[in-house]
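These are my notebook entries on a structure with its sequence. I recorded what I looked up, entry by entry.

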Amino acid sequence: MTTKTPWLVLGTLVGVLALSPTSSSAENTSGVNVPSAPSFKKSNAAAYGKQIAEYVDAYNTGWKDSYSKSTITNISASGEKMASKTTQLSLEKSNGNMGLIRYQSPASVAGVAMLTHENHKATDESWLYLPSNRRVRRISGANRTSSFQGTEFTYEDLSSLVPSRYKWKFAKESKGKDGAILQIEGVPTDKNSGYSKLRYHINTKMWRATKIEYYDKGGRLLKTLAVSKWKLYHGRFWRAHKFEMHNKQTQKRSTFEASTQFLSIDKYKKKDGSPREGLKESAFTKRALETR
Amino acid sequence: MTSESKSGDLLDRLYKYRWAMTAVSVLSVLLLFRFGFGRVSDFTKQVESLADQAPKKSQPQMFDPRSDIWFDSSSPALQTFHEIEERFVAQDVLFIGFEENSDPHGAFSVKSLQAVDRLGKKIREVPYVRNVRSLVANPWIRWGNVDGEEEGLIVSDLFENDPASYTERERLERMISVLGAVNASGLIGEEKVRELLGPDADFSDHIGEPRLLGNLLSEDGRSTAIIVDVIRPRFSDETLDETFGAGTLSREAGPPIHASAVQIEALHAIKELVAEEQGEFDFHITGVPVMREHYMVTAKHDMKFVGLMIVVIAIVLLVLYRRVAGAVLPLITVFLAIMGMLGFVFLKGDLINLVTALTPHMLVAIGVATAVHLVTAYYRLRPDYDDKHDLVRATVRFNLLPVFLTSLTTAVGFMSLTTSVIAPIKQFGYTTAIGTVFAFIISMVLVPTFLSLLPLSTKAKPKAAAKKVSTKPHWSEWLAGVVVRRRKAIVAVGVVLTLLTAAGLYRITLSTDLKTMFGEGNPVVADFLWVDDHISGTGDVEILFSGAPSTDSDDQAAARLGRLGELVNSPGDEFAKELASLKLQEESHQRGQIAVSSEFLGLLDKYQTRLEVEGLDPKSPLHAITSIESALSVLRKIHQVQHENKGTFYRVPADEDVPLDAREPVVLYDEFLEENTIIPGQSASTMIAQYYLQYENGAKPEENLSTLITPDRRKFRFTMRVRTVSSSEKINAYNRMLEIARTEFPGLIGTPADVAAGKALSTMQMTGSNFLQVNMVTAFSETLIASLAIAVLVITLLISLVFRSLIIGIVSMIPNVLPIVVPIGFLSLIGYPLDGPSILVAAVGLGICVDDTIHFLSKYSKARASTGSAEVAIQKTFRDIGPALIYTSIVLACGFAMMTFATFRANVMVGFLGAVIIALAWVADFVLTPAVLSFLPTRDLGKSANRLEDKTSRSNEDNDN
């Protein structure tokens, strides 16, 4: 997985409010096995850190596709809030995922949609549809440090964890509610990254990051991402409902909170009881962006 | 028991327990100082705990740098300033400018761009730097080939890679996109520009980047600036409560002190980085943090003149008395009074500010005067006594009542300043009052105690011998004679002076000017002027436009939209009614969202153009404004870019820009939730909102619109840069902006009620560091003048009460007020602008004048009552207290004069006006007041005269001797 995939990440990382009663079962009904953990080299902080990052990445593949409805809220330092409602479609692909996000509110941006095709070997491709001029425009996909829709999240923050993009180091182990929390530090190898360092807090029960600290180029703590409202989905994939990014320097915050999500869509049924079909690439074309 | 015997007992007891009382007084002051500084030390640790890392060198935090203390907390400008800090961003801006004249491509030369790139990248890593905008790194919005495939909108840095990696053509294309074709022709020639754009290129389509021109790049393309946003760190309420305690004074003052410290720290780091590059280009650093630091450095530098003032006072005292005690005792009094005052202030939880920093000057004046009166009386009486106890007793008796009255009047008079709504004036009132009380106690306890240590004069003569000496004519006889003989002329001159002064005060100009604030050739001011002349003004002024507040929550608005989606295709009257009602509600909800309102933005666009056009005229006050920045710049640019970069589209979108087929609502079916969603019919307003979204999707987080418009789109920020001109010129510019808005764009400047009722689009409030600062000068000076007028009134009433004569009270205004208003009136008359510190010196002057006046009046009224002759009374008064008043005036005038050697103009003014006021107070006490008093019959001098006579009869005997 590569760069500009916010809705993919929302689709995959956002917590699940399962419509199907079977979705929160502890039994693995996903058809995707849990990868076996490597033999961790705890004596070598760099190797251990890298192993943890790679295992987290491997643990979270195989979800196929997703649909979610989320509320994105920007909160100013004084606590003033502005919420937007969006829907996101994501399709997991081996050479790069596809995603489509569409705004439902506020009224002024309802219908705005953005499509992205990830490309592991080149720059991602992105298109934006604006209902006010009824045109689909290609937009630049190169800048990972760009803000995601004016939130405190950047595209870099919303990218999946790609272990090869960082120099890892195991930092410390602490006790969490559900077991050990492993803290690993990643120094971006990409000079265009917006950060000097990231510190992941990995929950070893879910093999997911429950907290990420982002340090600015000057080495100061810039932002903290708190991930909460976790649910196990299809007995296999842990997903969070809520992501809260807190800018520690400006005290501004942005949250993503999912109200509805389907993960592995073909495992759900429609209201009339008929089975749902999984997403196809045809749902991720420029034409699919338009609302006419 | 008579009052005389009572006072005699008191004086005996004072003498008997003098050492115990001295020990208690000194110990109390030292303990107060110790605990006060203990609190400062605790506070310093609290502030330092906010930092990421402990400072290398801990500095006691005694100074309050907050700007909001200078305002009435209900000031709309201050409230808007805080609103901007909370809703947008709390930061200050640094400008690092330089010019490139040696290369034909000016600031776009490889060497220049590389310097900008290197420096910008290094600065970005300095802690607390939020954003660095430069010629290399700024949001370049354009239409072009995206990633080598389709065409589309691109937002990226102007130079994303090493500037040397670009071909000359790529570099010059970027130059034209920023400078515009016309300006670029001026730099590289029209032929070259046409070669790059094509021979038929329409220059009006290549207007450049108005956001950058006159902001970080000069129009000739030769000078450029790196603009650095340095944040004022913010903390959560929980963190602040935990660090300082909820509701404490420290909680209010701590964060701004921390913010000031980190900004200075960032500035030092940036200066070091700039120094590394300095050889290649001559960099000029300006901005609010630079000026803030320079104030601090200059204040620190000028502290040595306060020391010099003390040294000069000591030397003059030594020369006048030719005895060590004459110099040491007044200075000890002053030091202990200052220590006591500082201890009290810090223990109370307050800090020193620019106004209370003048309290020590005041206490120097009060403390020196009090001690000098005691010491002078001691040395004058010493030849007549052969018993130490009697001598000290007589010295105290001679001074106790007048010193008590001067202290009481000064303390109560200055306490009246605590009714002011401006915190520093309030604090100045109580610090002066407390310091005066300390000065009284210490001088009346410590000075006599130390005087009792001195040996009696070996030249002590019997009283008969002293009378021989007194047969010699005394200067007081001559002066008293002249004053009484020429009293009409003297009073006439006084009246003329008063009238001239009144005319001067009527023309008073309150203004400050950075250009003269630090004297000629100041390098920091020179940097400000350089950036002003070459690129842009660096002062910041803000206008916050606010639309009607929303009555719905986001959820309610979203639910309404959902319901509209359900109803849009529903038939029937019942649904039609609900639909109409919901549409009305939605319209009302959207009306306040001014940042996406084409009507509001269209009007604002015209207002900005109006200001810019008038600003081109050097005679207009608006010439002081150099650039205006807002989300309008982004909006216009995106609109232009969406329309093949045509210059005519560099404007706010209008409804006709929306395609016809987009104007109707569309219903979308969500197959997962199995429900309809409505996409409303599109308009210019939805187009604007979508352009913002498009921009924010590509811009870096630090460049997103959250610093310019609020998330709810109901607040719109207008940021302007203002040149380094005087505060009165700036105020003229601000007033002109408001005037234009009121007369030509009333829709932008409605009242909240008008806006809520839909009669106006927005309210308009001006603010910003610079705006607050210049208005502070006026607001502070006006409030101080009003507060001082109240203090003068209170003092006059007190004097009337003490002397039981309204006439005396009124006459006392002559020596109290005239020495202050004459120099201020004269300066105003010749058109010299006055600033806050100049007015503040008036307060110090008042303290000195009141002291002299009461000493004079108490002796005069007593003498007049006993002799019945004005001339004799004046003569006797001169003889009794003349030397002390002369010594005090010489000492303090010389001391204050030392401040005229300071760097900071305000300190020079303190020195100059202080010395002049002291000299004039002397003239008033020795010439004008006696002349006026000589016109009054004895009965008008008050019933207190006899009481004073009773109380001090013993001292009169002494004096007669």
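Entry 1. I began with Lys229(A), which counts as partly exposed because it has 15 C-beta neighbours inside 10 Å. I note that the model is predicted. Lys229(A) lies in strand 11 (residues 221-233) of chain A, and its phi is near 55°, a positive value in a residue other than glycine. I looked this up because most residues other than glycine have a negative phi, and most peptide bonds are trans.

I then turned to Lys64(A), whose phi is also positive, near 70°. Lys64(A) sits in the loop between helix 2 (45-59) and strand 1 of chain A. I counted Lys64(A) as partly exposed because it has 19 C-beta neighbours inside 10 Å, and the cut-off for a buried residue is 20 or more.

For the peptide bonds, I recorded that the one from Ser105(A) to Pro106(A) is cis, with omega near 0°. I placed Pro106(A) in the loop between strand 3 and strand 4 of chain A.

Entry 2. Is strand 5 of chain A mostly covered or mostly exposed? I found it mostly covered, with six of its six residues buried. Glu125(A), Trp127(A) and Tyr129(A) point one way, while Ser126(A), Leu128(A) and Leu130(A) point the other way. In a regular strand the side chains alternate between the two faces of the sheet.

I next followed the pairing on either side. Strand 4 (residues 113-117) of chain A runs antiparallel to strand 5 of chain A and is joined to it by five bridges; here Ala113(A) has Tyr129(A) as its bridge partner. Strand 5 of chain A is also joined by five bridges to strand 6 of chain A, again antiparallel, and Leu128(A) has Arg137(A) as its bridge partner there. The hairpin of strands 5 and 6 of chain A has four residues between the strands, and in it Arg134(A) takes a positive phi near 55°.

**Entry 3. The contact between chains A and B.** I followed strand 6 of chain A across to the other chain. Two bridges join it to strand 4 (residues 151-156) of chain B, and these strands run parallel. Within this pairing, Arg138(A) has Gly152(B) as its bridge partner.

How many residues does each chain bring to the contact? I recorded 55 from chain A and 65 from chain B. On the side of chain A, strand 2 of chain A gives the largest share, five residues. By class, that side has 15 nonpolar, 26 polar and 14 charged residues.

**Entry 4. Domains of chain B.** The domain assignment gives domain 1 (3-38 + 294-462 + 480-509 + 775-960), domain 2 (74-293) and domain 3 (538-769) of chain B. I noted 54 Å between the centres of domain 1 and domain 2 of chain B, taken over C-alpha atoms. Eight residues of domain 1 of chain B are in contact with nine residues of domain 2 of chain B. Helix 10 (residues 288-321) of chain B gives the most to the domain 1 side, with four residues.

**Entry 5. Helix 19 of chain B.** Helix 19 (residues 523-534) of chain B has 12 residues and reaches 16 Å from its first C-alpha to its last, close to the expected 16 Å. Its buried residues are Val525(B), Asp527(B), Phe528(B), Val531(B) and Asp532(B). I placed them on the same side of helix 19 of chain B because they cover an arc of only 155° around the axis. These buried residues pack against strand 1 (91-99), strand 5 (223-231), strand 6 (284-287) and helix 18 (514-517) of chain B.

How values were computed:
Residues numbered from 1 in each chain as written. Chains lettered and ligands numbered in written order. Predicted model: local features only at pLDDT ≥ 70, side-chain atom pairs only at ≥ 80, totals over all residues. Domains from an automatic or database assignment. Contact = placed C-beta atoms within 7 Å. Expected span 1.5 Å × (residues − 1). Buried ≥ 20, exposed ≤ 12 C-beta atoms within 10 Å, placed from the backbone. Arc of directions from axis to C-beta. Nonpolar A, V, L, I, M, F, W, Y, C, P; charged D, E, K, R; others polar. Pairing = 2+ DSSP bridges.
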